[in-house]
Amino acid sequence: MILGVVPVLGIGMAFGAVSLPLGFTMRTVLEALTGAAPSGGDRMADIILQIRLPRTLAAFVVGSGLSMTGVAMQALVRNPLADPYVLGISGGASAGASLFYMGLIPGFLAGRLDMSLAAFLGALLVISLVYMIARSDGRLSVSRLLLAGVALAAFMSAVSAFVTFASEDANKTRAVLFWLMGSFSGITWSDLPVASTVTLLGGGILLGFSRSLDALLSGEDQARSLGVSVEQMKKTLIVVSALVTGVLVSIAGAIGFVGLIIPHSVRGLVGIRHHWVVPGSFFLGGTFMVLADTLSQILLPGQQLPVGIVTALCGVPFFLVLLRRTDYQFK
Amino acid sequence: MSQSAMRRRTLPALSILVCSLLCGCASEPRKPAETPFMTLTDGLERTVNLQNPPQRVVSIAPGATHIMRAAGGLSSLVAITSADYREQDLAGLPRISALPLDLEAIVALDPDLVLASDQVNDPSHADLFDALDIPIVYLGSASWEAVLASIRMTGDMMGTSEQATSMVDSLAKKRDELMAKTAAPGVRPTAVFLISPIQSYSFGAGSYVLDLMRWAGLDPITSSFDTPAPVLDDEWVLMHNPDVIIGSFGEDDAKDALLNHHPTWQSLDAIRNDRIFSIPAADILTPGPRNLQAASQMARSIHPHLFEVVAPRTGNESLTTK
């Protein structure tokens with residue numbers, strides 16, 4: 001999987017809305033890496049260095065982060081249907097983005113926000129509510145977590161749908177709808193530092209918890225008997241997943257299916273040990289997302305196809321085939 | 001009397017009562033006149049019979065309202081849509097929701113004609129209105145020729161044929177004059193139309209908006225797209241480097257908004273040379289007679305020298321335009 005990353009990043013760089021010679025693309029990237037001035041035209045160099053490179057890297061980071069948080073959520077609620085959005089994070093982010101776009105955030109706050117920050121705050125608000133509802137006597141109830149997450153996600157989706165429907169500005173409605181489907185269009189270098197730092201830190205923490213995650217899949221009591229501090233771990237998993245998902249959704253929108261299917265695909269390939277599932281999901285998720293984003297640019301030349309459509313259209317059949325062909329186990 | 005016997009007698013009685021009530025509630029069907037006042041083929045190629053000259057018309061598309069205005073039929077309108085933002089002189093008319101269609105509000109107005117647009121309204125609503133015995137006409141507006149034909153047809157329906165024909169002749173003449181002005185050699189900068197500065201929704205081949213751009217003396221770069229409404233990729237726009245960007249950007253600073261959402265476009269000629277122009281959405285995004293106004297505004301903004309007023313050389317000459 002690790003070996004496959006470099007060629008896939010190369011594919012992400014080589015293909016896009018316009019056709020550029022592969023040699024020129026690679027030379028421009030190498031020149032940029034070595035600090036030399038690009039020898040090609042300014043416009044083509046801009047396309048490679050200011051659009052494709054940050055976009056490809058962002059796709060990798062978002063795919064990796066969502067897949068890993070999918071692993072964390074599935075272990076936390078011990079349910080194979082869980083994904084990064086199961087606790088209502090995407091619903092909160094969507095509501096935050098919708099309210100911001102439609103100008104429904106109070107003026108004193110709106111001036112200090114942009115759409116990404118509004119989405120992140122929406123996600124944070126929902127996960128905080130879910131956490132408070134699920135917490136009782138210092139313990140977190142997984143059933144309450146799930147139910148509160150699903151209920152608040154539905155509530156926030158209704159908020160997004162209402163503000164979008166009620167808006168008289170068709171341009172903003174279109175922008176929100178496009179954002180909800182997920183896209184890497186408009187990604188700039190400034191989006192990458194926070195997203196990649198949070199994803200790498202989150203990945204490191206999850207990897208550190210890999211043995212505890214294995215134990216948690218057997219049940220909370222079993223994990224406790226093996227010396228795992230279950231309550232502490234559940235809180236950490238929620239905070240890490242909320243932070244990673246909130247940041248990633250805020251830059252790329254609510255891209256679906258990746259966080260659900262990649263962890264299962266990785267389990268089908270490397271087994272259920274989280275020591276392998278976490279890094280496997282990091283690399284396969286990133287690789288898959290780069291390929292999906294590349295396809296989204298090639299399928300309709302010159303146009304933007306929301307990447308969420310491609311992840312579902314291509315990812316789900318791939319996942320079903322894998323599920324059928326392998327000796328799959330969740331626990 | 002046993003329970004089963006009671007049930008046997010009660011059920012038929014109840015059935016008769018329910019049937020009587022249902023029949024009584026059903027409205028008396030309108031009796032069709034012997035000969036229709038007018039038979040026409042609308043924009044969906046439907047044959048519509050109008051029994052009487054329409055007196056109470058509801059418009060369920062802004063484009064249909066524009067066509068009614070051009071045809072001189074405004075006095076017969078009893079309601080327009082909540083999306084008719086620019087019809088200030090019709091402020092006294094009720095506004096109805098067209099998306100989703102507020103059917104109850106329309107029926108309550110007791111219209112004798114509903115005007116729709118073949119580009120905006122759902123064709124399946126025709127069956128709905130047929131069942132309610134309310135005639136609906138879908139006005140064609142897929143092309144400029146269709147718009148002119150719709151104005152003529154509306155004039156015929158509303159009994160304002162003379163006014164409609166005069167408007168059609170005037171619009172056709174103005175369009176020809178505009179095209180003649182912008183046909184001068186060397187005045188065809190490349191251009192892209194964006195519906196919004198946020199997402200790059202544009203128009204593809206066959207769209208009336210590309211026709212308007214050509215009338216205004218522009219060469220639209222999106223004419224190679226087969227899809228009617230492509231969402232342009234930033235790198236594609238960068239590669240095609242349009243000389244001009246046009247859009248319905250509203251009152252905001254379009255350049256700032258564009259660069260905010262598409263920072264890599266700062267190297268575009270249109271951005272560097274400040275060739276960004278905004279056209280009111282109601283004039284360009286609603287297919288109809290106002291589109292000519294949009295084309296004219298585009299042409300005047302982009303080629304002001306073609307519309308310069310030549311100062312008279314002597315006191316006896318009047319002001320003329322080139």
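Modeller: Contact here means heavy atoms within 4.5 Å. This is a predicted model, in which local features need pLDDT of at least 70 and side-chain atom pairs count only at pLDDT 80 or more, while totals for chains, interfaces and linings use all residues. Residues are numbered from 1 along each chain as its sequence is written, chains are lettered from A and ligands numbered from 1 in the order in which they are written, and side-chain values use heavy atoms, with hydrogens and water left out.

Colleague: What share of the residues of chain A counts as buried?

Modeller: Chain A has 15 helices and two strands, taken as DSSP runs numbered from the N terminus (helices H or I, at least four residues; strands E, at least two). Among its contacts with a separation of 6 or more, 75% join residues 24 or more positions apart. Buried means under 20% relative accessible area, exposed over 50% and partly exposed in between (1.4 Å probe, protein chains only). Of the 331 residues of chain A, the buried share is 54%.

Colleague: Beyond four places in sequence, which residues does A:Val62 touch?

Modeller: Residues up to four places away in sequence are not counted. What remains is A:Phe184, A:Leu248, A:Ile251, A:Ala252, A:Ile255 and A:Met289.

Colleague: Which residue forms a salt bridge with B:Glu235?

Modeller: The contact between the chains takes 27 residues from chain A and 29 residues from chain B. A salt bridge is a side-chain nitrogen of Lys or Arg within 4 Å of a carboxyl oxygen of Asp or Glu, and two are found across this interface. In one of them the closest N and O atoms are 2.7 Å apart, and the partner of B:Glu235 is A:Arg52.

Colleague: Which helix supplies the largest share of the side of chain A that touches chain B?

Modeller: Helix H3 (42-77) and helix H8 (170-181) of chain A each supply at least two residues of that side. The largest share, eight residues, comes from H3(A).

Colleague: With which side chain does the side chain of B:Arg290 make a polar contact?

Modeller: B:Arg290 sits in the loop between helix H11 (281-284) and helix H12 (291-302) of chain B, and is buried because its relative accessible area is 15%. Beyond four places in sequence, its contacts include B:Arg69, B:Arg86 and B:Glu87. A polar contact is a pair of N or O atoms within 3.5 Å; within protein, one must be able to donate a hydrogen and the other to accept it, and residues adjacent in sequence count only if both atoms are side-chain atoms. At 3.2 Å, the partner side chain is that of B:His66.

Colleague: Is B:Asp133 buried, partly exposed or exposed?

Modeller: B:Asp133 lies in the loop between helix H4 (125-131) and strand E7 (136-139) of chain B. Although not a glycine, B:Asp133 has a positive phi of about 60°. Its relative accessibility is 39%, so B:Asp133 counts as partly exposed.
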